[in-house]
Amino acid sequence: MSFSHLIHVVCYTFFQAACSTLLAILIAFPLAFFCAKRKFFFRKFLLSLSLVPFCLPSLIIALGYVSFLGLNGNLNHFLMTAFGLKNPPVKFLYSFAGLIIAQGFYNFPIIMKSLSDSWEALPSDSSDAAKMLGASNSRIFRTITIYQLLPSLSSSSLLVFIYCFLSFILVLLFGRVGTSTLEVEIFKAARGSLDFSKVALLTITESIFLILITSLYSFVEIKSSQKTKGIKTSLKDQHSSIRGAKEILSFSLLLFIILLFFIAPLGAIITNAFTSSNIREKGFTFSTFKKVFSMRSFLPSLKTTILLGLGTGFLSTLLGFFYATLLRFAERKFYGRLILFLNVLPMLPMTISSVAAGIIISLIVKRGNLMLLILTQTALFWPLSFRIINPRLEKISSQSLDSAFIYSRNTFDIIKRVIFPVSLPSLINSFGFCFAVSAGDTTLPLVLSIPKLDTLSLFTYRLAGAYRFNEACASSVILGGLCILLYSLTITRK
């Protein structure tokens, strides 16, 4: 692999991630303002969209865009029928613009939710003082609010950047011909050309950049938590109705864009799932689901997906709880850089991508199985569990923990009587979240290629690859419904 080609791949990987993140910010920022400061009918629904990037796999989002914005998608079909066109007018999907739109709209809810929560909780002392001195709302925003929101914006944007940097399925499907990211290049080198020296070079290069990015993300997140700790949040209800022609127009435009590039693609999956590719069958039908249920590999893939989600969810939650407890105990005795290092340590699995991890393991283990897939997913996903559980344990005061050490018989008794009861809601939430991420993971099962092991995500991917889009959409509805259902049941216990 030439040095110039490596530089080209690295630059393209950074460029597409930066453009996707920028688009996500441009959509999320104004929506965060409306969610934090205004009341409207769809507010709770809009905030609930933050679950989509975590609950719905990128494969389902990709199918949604193909179903709605593809050459044979619903939008082109409507426009050709309505205006008598012979050729589909919407052709941008399989291009750089299509990739950026898919990734940006897939991840914008993460930034929107983070910004909205921070914006809503901002103390009003500074802005109220500025108003009394005659400052306009725009000047208050430029000089005060934007700086108060900067930690939250930086943290969530870096997280989205990492997700886009490691994007695999969306790049594989929508990436422009002749361009590729590090993830896709690693996969092609390992599975296509079997050039393992190229795999090693690309993996090392990717890991170096990921270490730098995740270190920056950890630093920003820790600084953000330190700045917000101890700050009194605003308790008064600051929500008012949308007012003025500018706000109404901008809000309507934002809703239209979200409807076109986010809601409609998801709706297209459901629409195609309940329609048939058979011309004779018109209108609403369950025949597509019947076809999917009758396929020989469907039930085994569903069973494997459930077992995989249960195993990864349990082990990731157990490991996350163990590390969060260990960190909480260590804070009683150690301070400074050691605690900072222990807080950053869970970010290390993010420096190894799913593609790279899968290829390395497939080279080491000749014949994989379900347990190997569970352990690999656990090694990559347990930091997500830690991030859910740790904030709950941090709420335990030092005085309460000191008292527990005085009056308890041993450490296990403290965990049983204090740590576990406090963290139980977050443990349930962590299990549901890790189950959803595991069940929707297409990358690791695809890269590992374990014989006679099929997951629902792989089953859906193969249906889409065979251009059986109606069946693929029906399978996506089942997979997405399974992930959302379990995660919703667990998050309500928080």
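The cut-off for buried is under 20%. The model I am reading is a predicted one. Next I checked Phe286, which is partly exposed at a relative accessible area of 49%.

**Aromatic pairs**

I searched the whole structure for aromatic pairs and noted 27 of them. Where do the two residues lie? Phe14 is in helix α1 (residues 3–37) and Phe209 is in helix α11 (residues 196–228), so this pair ties together parts 195 residues apart in sequence. I then looked up their accessibility. Phe14 is partly exposed, with a relative accessible area of 26%. Phe209 is partly exposed too, with a value of 25%.

I went back to Phe274 and Phe286. Their ring centres are 5.6 Å apart and their planes are at 85°, so this pair is edge-to-face. Both Phe274 and Phe286 sit in the loop between α12 (244–273) and α13 (287–294), 12 residues apart.

I also recorded one aromatic cluster, formed by Phe29, Phe33, Phe34, Phe40, Trp119 and Phe251.

**Nonpolar cores**

How many residues are in the largest nonpolar core? I noted 126, and the members that touch the most other members are Leu31, Tyr65, Phe105, Phe108, Phe174 and Phe262. Helix α1 gives the most to this core, with 15 residues.

I picked Phe262 and listed its contacts, leaving aside neighbours within four places in sequence. Phe262 is in contact with Leu49, Val52, Phe105, Tyr106, Phe108, Pro109 and Ile257. I found a second, separate core of 17 residues; Phe329, Trp382, Ile389 and Ile414 are among them.

**Ser301**

My last entry is on Ser301, which lies in helix α14 (residues 298–330). Is Ser301 buried or exposed? Its relative accessibility is 0%, so I put Ser301 down as buried. A polar atom of the Ser301 side chain lies 2.6 Å from the backbone oxygen of Phe298. Which residues is Ser301 in contact with, leaving aside its neighbours within four places in sequence? I wrote down Asp454, Thr455, Leu456 and Phe459.

Note on methods:
Residues are numbered from 1 along each chain as its sequence is written. This is a predicted model: local features need pLDDT of at least 70, side-chain atom pairs count only at pLDDT 80 or more; totals for chains, interfaces and linings use all residues. Side-chain values use heavy atoms; hydrogens and water are left out. Helices (H or I, at least four residues) and strands (E, at least two) are DSSP runs, numbered from the N terminus. Buried means under 20% relative accessible area, exposed over 50%, partly exposed in between (1.4 Å probe, protein chains only). A polar contact is a pair of N or O atoms within 3.5 Å; within protein, one must be able to donate a hydrogen and the other to accept it, and residues adjacent in sequence count only if both atoms are side-chain atoms. Contact means heavy atoms within 4.5 Å. Rings of Phe, Tyr and Trp (its six-membered ring) pair if their centres lie within 6.5 Å; planes under 30 degrees apart count as stacked, over 60 as edge-to-face and the rest as tilted. A nonpolar core is a set of buried Ala, Val, Leu, Ile, Met, Phe, Trp, Tyr and Cys residues joined through side-chain atoms within 4.5 Å.
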